[in-house]
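Please keep the structure in view while reading.

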Amino acid sequence: MTYSILIFVGVLIVACPCALGLATPMAIMMAIGRAADFGILVRDASVLERAHRIDVVAFDKTGTLTEGKPSLTNVAPYRGDEQDLLRLAASAEQQSEHPFATAVIQEAKNRQIPLTRIHDLKIVPGEGLIAGITGTVVTIGSLSFLRSQGIDVEGARSLVEEVSNQGKSPVLIADTEGLRGLLAFGDTIRPDAYQVISRLKALGKQVIMLTGDHENTANAISKRLGISHAVAGISPSDKANAIKGLQENGYLTAMVGDGINDAPSLTQADVGIALGTGTDIAIESAEITLIKGDLNGILQTLQLSKLTLRTIRQNLFWAFFYNILLIPIAAGALYPIFSSIGGVPEVAKFAFGQMGFMNPILAAGAMTLSSLFVIGNSIRINRFTHNGRVTLEH
């Protein structure tokens, strides 16, 4: 009875799935901690298991591929003068959080133009706004938005084409009497955007741009960044539908954005990545936040995801290998061999006793070593560097 109990205990100890239970959560925990070191906040651990398999990376333009601090470059009134056009635009935009609104209001302040109180403000995300100002109603937005409001914009078409071909973003202003003028905004491309996109393409990822901006503006920016496909003039819901269409065609997608307009597409994407310098709604909608707003965090996320999956597979292999190898031995697989040679050799009696069954003390030691191996292998993720390699430096 005593010997049978010892055999039972030995098998039970060897079969304990401690290492198996540590294999995945330990690796993911270390990866999340290492990501935080690089300013990458992972809100959903499962994203680390699929990020490296992404097929398509979709970028928003304003504030994501560009600095998101546009400056007012053109003021073109059709009726009245520049001062009056800026007064209308800045007054209507004074409650908006859009970067264009900030630029207009700043220009009005620089010119010491007094603003007028507004009422009945209606903001259409990704399109424009409509605001009531004493004696009139001001409509601000893209050419298509003003057209949808029944405003004749044909007279502005040539100027819209001209400024958008320069990579600028045109915005039209109208009141109850018709078109009042055009404002154009220029934004600086992020210094890291071209390099990040090039490296993504080198990794075999397709890169696209989804923006509500004018088509010519989007094409000018995408050409400078080496993006082969840009979808322009789309609403926030259209962005989400574009992501959904890619998913229905079998593509695993990532969406990178920073604004309110990007929230639906960030939620729809398989991996939503928000810039920490963006809006709270975008950050809440994404599974990953690049706290510093550095686009290189996208590459680090993909590389860290790949390393995490490789570590999990290694952990699972050794956890299973340990059980597959030692459970049969603990159960007496060596008993026939030792019986055929006349018993257990003297040097092996501590491990296998008199009959060839594993010593429970040895089984406990092996189980501990297996768990320690899984923990140690997971800790190696802390050696993950900016370029995605694992260094041996301590």
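Contact means heavy atoms within 4.5 Å. Helices (H or I, at least four residues) and strands (E, at least two) are DSSP runs, numbered from the N terminus. Axes are lines fitted to C-alpha atoms, for helices over the stretch in contact, and angles run from 0 to 180 degrees between N-to-C directions.

This is a predicted model: local features need pLDDT of at least 70, side-chain atom pairs count only at pLDDT 80 or more, and totals for chains, interfaces and linings use all residues. Residues are numbered from 1 along each chain as its sequence is written, and side-chain values use heavy atoms, without hydrogens and water.

**The sheet**

An open sheet of 7 strands has the order S1-S13-S12-S11-S2-S9-S10, with mixed pairing. Two strands pair if DSSP finds at least two bridges between them. S1 and S10 are the edge strands, each with a single partner strand, so one side of each has no neighbour in the sheet. Neighbouring strands are turned by 20° against each other on average, direction ignored. S2 and S9 run parallel, joined by 4 bridges. Phe59 has Met209 in S9 as its bridge partner.

Helix H12 (residues 296-330) lies across these strands, S1 and S2 as well, and runs at about 140° to S13:

| Strand under H12 | Residues |
|---|---|
| S11 | 253-257 |
| S12 | 271-275 |
| S13 | 288-290 |

**Helix H15**

H15 covers residues 360-379.

Technical notes
Expected span 1.5 Å × (residues − 1).
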